[in-house]
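Dear colleague,

I am handing over the structure we talked about, and below it you will find what came out of going through it. Please read the notes with the structure open beside them.

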Amino acid sequence: MDKMKDIEWAKINKDVLGSLESPRMIFWVVLAVCSLLVAAGVAAEAYQYNEGLGVALMNRPHFWQLYISNFIFWIGMSHSGTLLSAVLLLTNADWRKPIYRFAEAMTLFSILTAAFFPVIHLGRVWNLYWVMPYPNERTIWPNFRSPLLWDASAIFTYATSSALFLYIGMIPDLAICRDNAKGWRKKLYSMLSLGWMGRAREWLAFRKTYVLMGCFLVPLAVSVHSIVASDFAMSIMPDWHITSFPPYFVAGALYSGCAAIITLFVMLRYIFKFEEYMTVDIMDKIAKLTFAIAMVWNFLNFSEYASIWYSNDMYEKEVLIQKLIGPYWPVVWGMLLCSTVAPFAMAFEKFRQNMWAMFVLSIIIQLGMWLERFQIVSPPLASNHEPWTWAVVWPGTVQMTITAASFGWFTMLFLIFCKVFPSVSMYEVKELVFHHRRVSARSEIEDLDKEKEEALRAQEGVA
Amino acid sequence: MRKKNLKFLFALYEDFDRARDAVAELKILDLKETAVEDIELYSPIEHPEVEEILGEIHQPIQRFTFFGAITGAICAFLLVAAAAQSMFTVQPQGGKAVIPIPADLVITYEGTILFGVWITLLGFFVYSGIPRRLTRLYSRKVSEDQIGIEVQVTPEHADAVRSTLEKSGALEIREV
Amino acid sequence: MSRNTWSRRTFLKAMGLGGAGSALVLSGCGDTDIINEVDLEVRKEKVEPQVDPQDFVRPGIAMFYASTCQQCPAGCGIHARIRQGRVLKLEGNPASSVNHGRLCPMGQAGLHGHYNPDRLTKPMIRKGGKLVEVSWDEASDTLKSKLGRKNSKLAWLSGAISGHHAALIDAYLEAAGSKNFFVFDTLPPAVGHATNEEMFGSAMPRYDFDKAELIVSFGADFLATWMSPVHFPTQYAKFRKAPRGTLVQIESKMTLTGANADRWIGIRPGTEGYLALALASLLAQDSEYASRVPASVADELKGVDVDAIAKLTDVSVERMHHLHHMLASKNPSLVLSGPSAEGVEYGSETARAILLLNVMLGNVGKTILPRSEAPFPNLTPRMGGWSEAKAFLDGLDSGKYDTAVVFGTNPIYQAPEFMHADKAFSKAKYRIAFSMFPDETTMACDLVLPIHSYLEDWNTTMPAYSPEDGYLGLQQPVMNPVFGEGSTRSFGDLLLEQVKVLDPKFKHWKNYEAYVIGALTTMKPALINPPKPTVPGQTEAEGFKQGILSDGFVHMKVNKPKAIRAKVETVNLPKPPQQDSSYPFRLIPSPRLGLWDGRHANIPWLQELPDQLAEVVWDSWIEIHPKTAAKLDVETGDVVSVKSSKGSIKVKVAVFPGIHPEAVAIPLGQGHTEYGRYAKGIGVNPYSILEPKFDAKTGELATYATNVQVTKVADRGPIVTLAHGDLVLENGSNSQAGRKIVKTVTARQFDRTEEEG
Amino acid sequence: MALKRMLENWSDFRKDDYYDDTPYMWGMAIDLNNCIGCGACVTACYAENNLPVVGKEHYSRGHAMHWMRIERYWDDPDGNTDVDIAGKPDIPFDGHHDNSNDPDAVTFPERGAHYIPMMCQQCNHAPCEPVCPVAATYHSPDGLNTQVYNRCVGSRYCGNNCPYKVRYFNFFNFWEDLPHPLEMQLNPDLSVRDKGVMEKCTFCVQRQRAAKDAAEDAGHPDYVEDGAVQTACQQGCPTQAIAFGNLRDPNSEVSKLWREHQVKLNHYEQEKDEDIRGYRVLEDLNIEPSVMYMDRVRDTEA
Amino acid sequence: MWQKAKALNLYKLLGHRGLMLVMAAMLLSAGTAWADDVSNAKQPIHFPHYIHAGKFKINCMYCHTYARRSKVAGIPPVAKCIGCHKHIPAVRNKPRIKKLFSYWKRKEPIPWLKVHDVPDFVYFTHKRHIRRFIFQDGRPTQQVCGMCHGDVKTFVTARKIRPLTMGWCLSCHRQFQGDSDIGKPMPAKRWMIPVAATDKPVMQVEYPQPAVLDPEHPKTMTHSEIKRMSDRLPKKIRDHLVHAPHDCWKCHV
């Protein structure tokens, strides 16, 4: 397979900076579609705001539905970005370098998308600010017992931290842009690059900071989805109140996130012509990683089923049965098909190294994970403690529209980012190349030494 | 420490090894006024070994981080327990404590990380010396693929230094 | 909340609707610390002080007034809660022996009849074929010209009626020289009354549930729709206390009573009488029981073929023997006969067969107690029945009567197609309706007079089933007319005007209030300890008036009833008619506690109150046994066409286990073509397709005797039940899925633990 | 100041049962032997508590707002529908009947229906309370499980977390087109809820308030005589199946019933003598409901 | 009012930098929060409180007769006005008196505009407050009423001079909720209305007064003194005061 070639640094700059100028036509098409979706979503939300939440066709007992599943889905997607950049950073995995930038961007934007849903799904959105802890004359505060509050704080922390992480990591590249850009871009970049000149002390401080932040981000990321999981685990609903939910959610998050990275990987590679940087080799590595995580997730999923089955708790067992043969069976079986069976394709090298195959697979996996989020939320409500209230509801048009809009919103933000900021970290790629050179140079020197020795031995032999 | 009427020289090299040799030779020159601090090295990527030639650069950012994390923890817990729950008009709930440790720990945890990250950033700015405006001698080649060396010397030594730099294969030399 | 005891409320001046609750929660407490928010709040509302209040009237403090419920003929005593001149809530009157401070859903919902947005507020006269609103002057002139004269061809149809309304109508008709007073109310069991009259000498003897150890009810739904929906449940509660009485319900469609029975026996529709006979014959084998009936009867009974009856009734012989055993062992017992048993061509015989059991078991005099004759017969309740409705309609049809007056009933909606009520009405020369709502009959009349609701008007009522003789419920206005003076008027006043014209005796009554109070005052010597003045300085009259009104009822002295003795003659049930194979199912028009016979279909609360058994709201449905449903290949929600020889209707299916496979049941109450926004156009009216079958003896319409065929016409549509209608999971809403929601213990355990406890 | 307060009251703030010493703990006891499922309580609740009539459409979507509902089951917890086969001898009451063996058997629920009135059980360890992000629902000193409409932002977490699903959410503004003069019936003692607000049974808190007010005038603010407060459903019930009162008052009817039927607070498994009827629905979830039910009774020899 | 409430929290939350900032911002934004005077209510009759309550020193409860018996104070019924005024021929020809009598003749209620209007979902009972402060503590009537309604005896028609917001209610109800809130004389002091000379207490007081509500020496007391005093208060009163804010359902349903 093709490893990353020795590329001229100047060329690196040229290629990456080029991506800011001239993407393929498809870029604009996608962008247009996304903004349309967003517009539709806004309209739907306005309608719901005026009429009341009933138009979303939720009811009793289905107080929560698609909005919450989307919330989990997007939060989940954000995780792998941090995983790739922070974890692989701390473990010095070289191959992360060309791809971590857009992974982080993905993290940030999926959080921003996720943050919408708790708001949209409030009954009285106009009172949202009561959820924030601000001192008021009534000494009424948000209730910090509520996992929703934990969500709020976790998401806030996560959003800000990962935004910072993304930004700090981008400063040297911004400097490069500054040096090459003109017009408004010039102004923008010189403002953002804070006068970075690549002096030794800057580099050292930069590296330290970057690693320190990385250290924070890993536990943060884990905590965030555990807390989202606790929305359910802390409740009393059958099949929500499950101890293994936090790890289960984290695994699922990483899983869907990696799938998302693969998708974007292929997209960017095509749109911005990054073939040289986003090599098949890297894809192969990501695929392996994804496969591993997929297995972890599957294990947790089935162990959950098993624990319910063997615990033989009346309520949870009922839900499990309803999941598998009840009215929601298409969702559950669809999930199992997409997220449990499909990933085994990645066991084959040929498959791993076929970009478009991986692209399709990644989409399938994400669909599966989206279904997984739906089947976490709805079926337990459908067959809850109280048989009398058992009911089935399928999300209506409003919910579906807003869901679609969220995908549009995310993609839109992401594409705009890639258009404005270098989506491949130039300086890190340079380091990558630099180290390759070092290695090759050292090996050459070693070869020379060998020849010398042999020559000497020959002389001795003659003498 | 910076004196008046100093001269600034800025040389560009095509790779790090050359730049390193140049610095070595400057040292050999042994000019009283030229301390190591007066030599600044610009590079497009990080070179950890730079400290070997320029000497130790002291940047205790981790202290900031530590301090930030502690403050975060304390502030978050105070906000939740003291400010909110103990002053809450209707906090008591059947069967549950007013100040529940597990719940508050979660918030504390997040607070720790939040402050940790932010104050680390502060440390970064303090020690990296940015934000600042670009030096007049800065060349955009540095951000591309060349290594720059900035030396500040008293006028009488300027020529010696310049020649040294040229000898060690500078592609371009600027001065003010 | 002080219960106070005052009568008239000229001072009741509504204080504007600014009262605390009645505005929406618009802004939460979060907004209130923004000051200009406060400015917005200010001066939104007016506060109008009363002009000249009595000193016990305090804004913000509730008061209670005693009155009598008119939602059904049961005549329960009520207390109305008043705040700022508005009646907010109705509670039962604890002192009333009818309902002991309790109230049924319909009684609670009286408020929505009273405040109903579809109430008539202006008199209407038919001009050029359609009704137009006119002034009261014009209306009352017309009324005088039509009623204020002698007219022997005037026919008066009213719903079940009693008390001084009845008395006044009598007085009027006498003065007007008309003998055509018809009373029509669908639910009161006319056949049963007749049979009681014949056997026990009173249409409605007193029942002592409390004493009975066993109640065997042949379709008498006494917990819901059998005459007194509150009184019998209160008795039932006593009956169920330890030692707990046993209830066996025998009917083809499970009623609310059946749902609470210890044993519900699904019998083939229309064969209740035969089962009764079989039981009688089993009893007759024992000389003790046989001795209680004339020898001739006993001999006949011995001849009854039990096995044949078992086949006929679909009740196993074992079960009959078990019943016989219970009847023999539990003493005293009580056997009731209800409309679903009596509603056939041989209804009277059936009822007699059933009541015969009481005689044989010696319940008469133990659990069935005599009545003493009423001191004021013209106040006693008149329940009427289908026969009178038919007579009235036929009279109109044949031109025997030229002027029709309708009050408190709705024949055009109730009467089956074959009676052609609307045609009969159109034949009458002039039609007058005293009505609160634009119901079908009202809208077919020429002169429509909007009358007060029972919460705005004076009246007295005698309960359809009175637990004690001589009980007269009083009804007083608890608030000023909702739509203000000059909109609705009191029926009593309107009629009294006419009587005054014809009969000088009535001249001195200022208005109906004066008439009622006057009448009561004249009754004073006949009352059991009439109230005395309580407040110093009160005159005797004032004291009396205040006293009786604060009680909400009066007790009249009655002389001791003479011992009850049952008159028994041979029961000869005809051979049951062969089931016509083209109409394989028996249609059961089942009344609901709630919509009653359809008069409450315009009350939102009752439309939204789920049916107690099918749990359906806002709709009509047909109940079909799962087995039959499987045969017909229909499931809940499918639309079927129900066809009798007299017409057909389309209705949604609700598969329902508590019904005999050969019967289908459609609830009463829906299918209005008029009657306001909440009733119009919802569901169907099963009465409309009844066949012209009548009880041979009394001439009552046999409402449970119609045979129908059922065919599927459309696939599953939404049917709205308490458990979310078509959202319901397949196994939801019927099964407890292993949760301990409702658990059952046996009566034996119950008695043991209760006696210990 | 805040810090001072926290430190000083630390032990208090860490106490689990914060309201141990308050004078009231409202509770209910419902006798299913008496309940006939007529629905008087439901209508009474509509009348007393300003409940909106949602109409057919909304009802079918599960947006009904009845705070109190009567559930009707055809089987008992063990799945017995107590049916007999017409024309066949009785089957034992407790045995589970299976009529699959003969196809033409006709089965009826011959022991009638299982009715149970279900309203907010005012749990003392209410799952709905801790999850509200704005503390709009909390535990009142009277042992009530409150819902403050003004504070509610409509996250509906409480509704999810309620095992009985007796919290009702205003999915629309059901009052918008309330025709005159129906609004004249609205009870001014409590608010009319707007869209986006969760609401639930309050044990008629407005009546409790009135009674307490009277008690305070009478000079004993911390004691309300038994029977001075009647909930609307209790007052309406034709068979007097519902008893309501103060569980802290040992002489109140309701606490007598609780004692008689051996149901104790703070126990999620009651140790009871044989055949004692008292139980609380779903009490094994350890949520401490304040409503005790008494088993339905059937004469199985009939 | 607004500023004060924020100030309280500032005080409570001292040492918390983040919140300090937030509150500073809030204080700034609270610029003209005093504009709370709605004296321009166009009432049907320009009723002179300053004559009735001021000049003639009529006890508030003589006209607002329901205040001590019901949750609403009640606007005096027309009959009440007439009752006196038909014996005062002197003013009989004044236009507003004429207007009054014209209402009386038509037996019409006077359509007063509501000035003191708490939000619709708030339950406030006059009775409890009157009983507590006038009949139990034996305070001068005008002082007690004045706490919420201002110095009415100087008004013409009533004006709203308190925001009547939740925080404002609490600022009084929190007086004795735990130590931390003890000793903020400011609110009470600010409400104190100079009492008319003749407006004597209704009855004698048998226990020490909570200082913060004491018109005589509000600001001369230190926290510790106030604390000591409140400790000497009968438990019932303390509980009563403490209890109130601990249950939203006291006021909101």
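Between them, chain C and chain D bury about 9,100 Å², and 58% of that area lies on carbon and sulfur atoms; please keep in mind throughout that this is a predicted model. The size of an interface is often given as the accessible area lost when the parts come together, which is the form used here. On the residue level, chain C brings 110 residues to the contact, while chain D brings 102 residues.

Counting residue pairs in polar contact between the two chains, with both residues at pLDDT 80 or more, gives 43. On the side of chain C that touches chain D, helix α25 (residues 747-756) of chain C gives the most, with 7 residues. Sorted by class, that side of chain C holds 54 nonpolar, 30 polar and 26 charged residues.

The two chains are also joined through strands: β27 (residues 744-746) of chain C runs parallel to β9 (residues 296-298) of chain D, and 3 bridges join them. Within that pairing, Thr746(C) has Arg298(D) in β9(D) as its bridge partner.

Strand β3 (residues 77-83) of chain C pairs with β4(C) in the antiparallel sense, over 6 bridges, and Ile82(C) finds its bridge partner in Val87(C) of β4(C). There are 2 residues between the strands of this hairpin, in which Gln84(C) takes a positive phi near 50°. Strand β4 (residues 86-92) of chain C is largely enclosed by the rest of the structure, because 7 of its 7 residues are buried.

Chain E is built from 13 helices and 1 strand, and, reading from the N terminus on, its elements follow the order α-α-α-α-α-α-β-α-α-α-α-α-α-α. Of the 253 residues in chain E, 51% count as buried. Taking the contacts in chain E between residues at least 6 apart in sequence, 70% join residues that are at least 24 apart.

With best regards

Conventions:
Residues numbered from 1 in each chain as written. Chains lettered and ligands numbered in written order. Predicted model: local features only at pLDDT ≥ 70, side-chain atom pairs only at ≥ 80, totals over all residues. Heavy atoms only, no water. Contact = heavy atoms within 4.5 Å. Buried area = accessible area lost by both parts, 1.4 Å probe. Polar contact = N/O pair within 3.5 Å; in protein donor to acceptor, adjacent residues only side chain to side chain. Helix = DSSP H or I, 4+ residues; strand = E, 2+ residues; numbered from the N terminus. Nonpolar A, V, L, I, M, F, W, Y, C, P; charged D, E, K, R; others polar. Pairing = 2+ DSSP bridges. Buried < 20%, exposed > 50% of the residue type's maximum accessible area, 1.4 Å probe, protein only.
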